[in-house]
Amino acid sequence: PVWEKRVRASARVRSRNGYAVLVTGAAGFVGTHVSAALKRRGDGVLGIDNFNDYYDPSLKRARQELLERTGVFVVEGDINDEALLRKLFEVVPFTHVMHLAAQAGVRYAMENPGSYVHSNIAGFVNLLEVCKSVNPQPAIVWASSSSVYGLNTKVPFSERDRTDQPASLYAATKKAGEEIAHTYNHIYGLSLTGLRFFTVYGPWGRPDMAYFFFTRDILKGKAISIFEAANHGTVARDFTYIDDIVRGCLGALDTAEKSTGSGGKKRGPAQLRVFNLGNTSPVPVSELVSILERLLKVKAKRNIMKLPRNGDVQFTHANISYAQRELGYKPTTDLQSGLKKFVRWYLNYYSGGKKAVE
Ligand code: NAD
């Protein structure tokens with residue numbers, strides 16, 4: 001059938017490393033960039049995404065079109081659909097899974113808790129169930145989040161710091177993902193690498209994130225809310241540019257060892273790793289707004305508000321020495337230069353230009 005032909009063509013490997021990678025959440029922000037980068041270097045890539053409407057689905061469709069043009073096919077489906085996943089593994093014996101599908105966003109968890117359980121817990125378990133039972137088992141790299149550090153205020157965050165105080169249901173499901181990964185590694189010999197991303201931004205980004213909707217609202221002349229902590233303290237984020245994150249993801253794939261199980265039976269110890277992927281230089285949200293004002297040449301109308309107890313933490317700041325050592329991860333883009341690229345993309349995209357990646 002045509003569908004199988006497209007799946008095979010998309011996953012066809014041209015690189016010397018011989019990778020065939022299943023990317024979940026491929027029509028998402030990070031998924032699009034990672035899939036395109038893998039394809040560019042010759043890896044076989046197949047995407048899967050359920051195109052949900054958490055944010056503007058037309059943006060996901062535009063990313064899909066972009067991927068189609070680079071030769072990546074994105075299957076429309078849910079990671080909870082076991083029969084579909086099994087079918088994909090029958091058609092292509094994937095060597096790796098890059099698992100990026102998730103219900104993201106901190107505040108939306110209060111309105112729609114079920115979607116976090118569905119995608120971040122049930123969906124992850126379903127994917128791992130399939131991965132454990134196929135032969136050969138793929139190595140898995142998955143997206144965790146800096147939100148697992150929760151109410152921990154000892155910065156910079158390093159991987160061994162406490163993660164037992166999640167500040168939102170989103171964070172709790174990301175933390176649960178790490179525990180679930182541990183179990184599947186321990187029992188079934190799956191090779192698993194978790195990446196704790198720190199506030200990723202850039203072209204083709206997510207409209208629910210502050211840098212994106214600040215840009216939109218500043219251009220519209222609409223007031224924007226800037227939060228400060230209850231003690232008047234600054235709220236700051238370790239904003240990390242998408243290209244740096246993509247390099248970190250590729251580094252994690254390239255250093256992942258093989259899984260050691262087969263057909264659900266484990267043969268020996270397999271790799272389990274968790275890394276911070278951040279930028280190591282937190283920037284106050286008020287400074288983010290000042291940079292956007294300069295780039296857009298428009299003054300923002302600022303409303304200063306107290307940070308509500310709705311899941312947002314006051315600071316994030318990554319210690320990246322472990323990722324630097326093991327993955328060769330080295331972020332190179334500062335917030336000013338990264339936002340310049342985002343703004344250029346934003347103005348082009350919303351004036352009807354949907355072609356360029358940047
Ligand atoms: P995104 O929402 O743009 O991408 C996720 C994609 O997964 C979406 O296209 C969505 O349609 C898809 N998806 C969701 N549930 C699905 C399901 N059940 N089945 C199939 N597809 C499904 O988000 P993103 O910013 O690209 O994030 C990618 C990953 O990185 C997520 O796991 C997210 O939690 C994590 N993360 C992102 C950030 C960030 O700042 N962007 C920070 C920390 C962690």
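Predicted model: local features only at pLDDT ≥ 70, side-chain atom pairs only at ≥ 80, totals over all residues.
Local features need pLDDT of at least 70 and side-chain atom pairs count only at pLDDT 80 or more, while totals for chains, interfaces and linings use all residues. Residues are numbered from 1 along each chain as its sequence is written.

**View 1. The annotated domain, residues 21-258.** The name "domain: NAD-dependent epimerase/dehydratase" comes from an unreviewed UniProt entry; such annotations may be inferred rather than shown by experiment. The span is 42% helix and 18% strand (DSSP runs, with helices H or I of at least four residues and strands E of at least two, numbered from the N terminus). Its end C-alpha atoms lie 13 Å apart.

**View 2. The shell around the ligand.** The ligand is surrounded by 27 residues (C-beta atom, placed from the backbone, within 6 Å). G25, G28, V30, A102 and A143 are the closest. Helix 2 (29-40), helix 5 (113-133) and strand 5 (139-145) each supply at least two shell residues; helix 2 gives the largest share, three.

**View 3. The contact of helix 9 with helix 11.** The axes of helix 9 (residues 285-296) and helix 11 (residues 335-349) come within 10 Å and cross at roughly 50° (lines fitted to C-alpha atoms over the stretch in contact, with angles from 0 to 180 degrees between N-to-C directions). L288, I291, L292, L295 and L296 of helix 9 meet L335, Q336, L339, K340 and V343 of helix 11 (C-beta atoms, placed from the backbone, within 7 Å).

Note on methods. Contact = placed C-beta atoms within 7 Å.
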